[in-house]
Amino acid sequence: MASERWEPAAFKGRVDQVLHRFVAEEADRFAEIDPALSPVAGQLEAAVADGKRLRAAFCYWGWRAAGQPDSDALVRAAASMELVHAAAVVHDDLIDDSPLRHGRPTAHIALRGAVRRRPRAVAAARSLALLVGDLLMGMAGQLFVTSGLPGAYLARARPLWAVLARELIAGECLEILRTGAEPDTAASLKVIRYKTAKYTVEQPLLIGGALAGAGGRLRDGYSAYGLPLGEAFQLRDDVLGLFGDPEHTGKANADDVRGHRPTALLAETWRSAGAEDRDRLRALMGQRGLDEAGLRAVRETMRRLKAPDRVEGMIAARVEEALDALHELRVPAPAEAALTALAHSATVRLS
């Protein structure tokens, strides 16, 4: 049993134990089909090796804030949120052609070794990574339904899985469709809301609440807290993606510029830019071979136009909005303390 005091490291340990055991067993079963599948099985385990387990934590506290006690079965169900995230990360890295995640090669890069002697090896590795992501998403549903919670509880939450998948994929599609388009802050925030905010905070909370039998007022409060906080989380990620230290973020910090992705940071820069700055940005954004000097020029333009400062203001405003909504909910004190701490750890971070 957990204590009433929120202990993030202890909770992460519980989730890690569930994930690592479950995925290791599934990877072994997968590799038993044929020895050639071993590298693919290895990427299943690599996908869950690291992580802060924020999504599991929000699901857990969606349950606890509704008045339910600590439960190992609930932790298993909450851990399934991390498999959704792992699937999304594998697919996102593939779509963005990102080379690094947590300081290690991404799945589509790591799997090149398994097909290096095959025709079209790069394409084959990308195909394998796509299937790794698909399998992780299927495993998420399996872990959820075998969590040990009563069937009636699971039935209350099952419809939300369709919403989660629909909105997550819609957000990814919107990002692809907006990539390379003229930057627009409202459009960027819509991408953020559907691609990240909902499945990171709001949907895990709602699923935890549904499992617990939360009423309509509490569910509405979860959304009022979860949506702005999820947006703040991704805005922070965008700032770190370009201005953070790769040693801490574990990601290449030129990815967003090289991919000309529709971040709010770029949109806010564009909004303030004159013709000369826009011409400079057009020449640099989307360059696959962008060097350090080009990246430095983009950063300097953004700083001069104070775009990072405005994004910091957007983050702060959204955290404040989320915490105001939380305080109005009057949930049990341990849940309020935990959700307040999670709001800060999700948005004030180095990586």
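Student: Which helix is E312 found in?
Tutor: E312 sits in helix α15. Keep in mind that this is a predicted model.

Student: Is E312 buried, partly exposed or exposed?
Tutor: Partly exposed, because its relative accessibility is 31%, and that class lies between under 20% for buried and over 50% for exposed.

Student: Leaving aside neighbours within four places in sequence, what is E312 in contact with?
Tutor: With those set aside, E312 is in contact with R236 and V239.

Student: And how far apart are E312 and A232?
Tutor: They are 80 residues apart in sequence, but 9.0 Å apart in space, C-alpha to C-alpha.

Student: OK, zooming out. At what angle do α9 and α15 pack?
Tutor: About 160 degrees, with the axes 8 Å apart. Here α9 covers residues 216–243 and α15 covers 307–329. Angles over 145 count as roughly antiparallel, so α9 is roughly antiparallel to α15.

Student: What residues make up the contact of α9 with α15?
Tutor: There are 19 nonpolar, one polar and seven charged.

Student: Left-handed or right-handed crossing?
Tutor: The crossing of α9 and α15 is left-handed.

Student: Switching to α2, which residues are buried there?
Tutor: In α2, residues 38–47, the buried ones are V40, A41, Q43 and L44. They lie on the same side of α2, because they cover an arc of only 155 degrees around the axis.

Student: What covers the buried residues of α2?
Tutor: The cover includes α1 (8–32), α5 (107–110) and α6 (121–145).

Technical notes: Residues numbered from 1 in each chain as written. Predicted model: local features only at pLDDT ≥ 70, side-chain atom pairs only at ≥ 80, totals over all residues. Heavy atoms only, no water. Axes fitted to C-alpha atoms, helices over the stretch in contact; angles between N-to-C directions. Helix = DSSP H or I, 4+ residues; strand = E, 2+ residues; numbered from the N terminus. Parallel < 35°, antiparallel > 145°, perpendicular 65-115°, else oblique. Left-handed = near helix turned anticlockwise from the far one by under 90°. Nonpolar A, V, L, I, M, F, W, Y, C, P; charged D, E, K, R; others polar. Buried < 20%, exposed > 50% of the residue type's maximum accessible area, 1.4 Å probe, protein only. Arc of directions from axis to C-beta. Contact = heavy atoms within 4.5 Å.
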